[in-house]
Amino acid sequence: MSGRDAAALPAETAYRLWAESYDEENPLTTLDHRAAALLTPPLAGRTLLDAACGTARRLAFGGSAGPRLAAGVDLVFEMLRRGRTDRARRQTTAAGDLRALPLRSSRFDVVWCRLAAGHLPRIAPLYRELARVLAPGGRAIVTDFHPAAVAAGHRRLFRDTSGKSHLVAHVVHEPEAHERAAAAEGLLLESRIDLPIGEEVRVFFERAGALYWYERDRGLPLLLALRFRR
């Protein structure tokens, strides 16, 4: 990270402050939803883990298309507590670290780890745990803030309920680093998507009065998304 990030909040501190407003969409989460929809296999009848689930907002499913079992793990209690106020979300959530998931091995057909890898100084422990909890033939979908966006000056920010903006510490992990860490644990890369700033997120720039920045950076990759198979 650059010197500009010196005042960034550690991730755990940031997410405690963010919990009450975390469900509000932003450009990064919008692209993350799209990537997950593209990369996640059909969930009906399968078991799903959302590792770093936050408020478990991604664990609300309707009808018969949802998984047989959906669970979430997050390090920040305030996030989990906020999510448990919404009964539409799966309540099978637990506190835990991405680098030591409190779950038995070979349990899940699909594991999401979305927008969390950049909060870890090293990603080898993350991929060790993803590989451990995946069932044979299972898929891991990992998304993160794109290194190209960081290089262009973008930073991870959020606004708390008072409207105050906070910078969140972020560690850049290049796509090749993800691939190496995954391969070391026997995970095979099946797909990679680099989602750019484009029309689907234009509204966020417009609301912020920042269309100049939108036009400047249109086409710049903002989200890195990877799918691995065990």
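A: Eight helices and nine strands make up the protein chain. Helices (H or I, at least four residues) and strands (E, at least two) are DSSP runs, numbered from the N terminus. This is a predicted model, in which local features need pLDDT of at least 70, side-chain atom pairs count only at pLDDT 80 or more, and totals for chains, interfaces and linings use all residues. Residues are numbered from 1 along each chain as its sequence is written, and side-chain values use heavy atoms, with hydrogens and water left out.

Overall dimensions next. The C-alpha trace of the protein chain spans about 45 × 40 × 30 Å along its principal axes. The radius of gyration of the protein chain is 17 Å, which agrees with the value near 17 Å for a compact globule of 230 residues. That radius is taken over C-alpha atoms, and the globule rule is 2.2 Å times the number of residues to the power 0.38.

Of the 230 residues in the protein chain, 51% count as buried. Buried means under 20% relative accessible area, exposed over 50%, and partly exposed in between (1.4 Å probe, protein chains only). Contacts are heavy atoms within 4.5 Å. Among contacts in the protein chain with a separation of 6 or more, 72% come from residues 24 or more positions apart.

Now the strand itself: β4, residues 108-114. Six of its seven residues are buried, so β4 is largely enclosed by the rest of the structure. Strands pair if DSSP finds at least two bridges between them. Strand β1 (residues 47-51) runs parallel to β4, and three bridges join the two. In that pairing, Val111 of β4 is the bridge partner of Leu49. Strand β5 (residues 134-145) also runs parallel to β4, joined by six bridges. Here Trp112 has Ile141 of β5 as its bridge partner. In a regular strand, side chains alternate between the two faces of the sheet.

For contrast, take a loop residue. Leu75 sits in the loop between β2 (69-74) and α3 (77-83). Leu75 is partly exposed, with a relative accessible area of 42%. Not counting residues up to four places away in sequence, Leu75 touches Glu12, Gly96 and Asp97. From Leu75 to Ala36 the separation is 39 residues in sequence and 21 Å in space, C-alpha to C-alpha.
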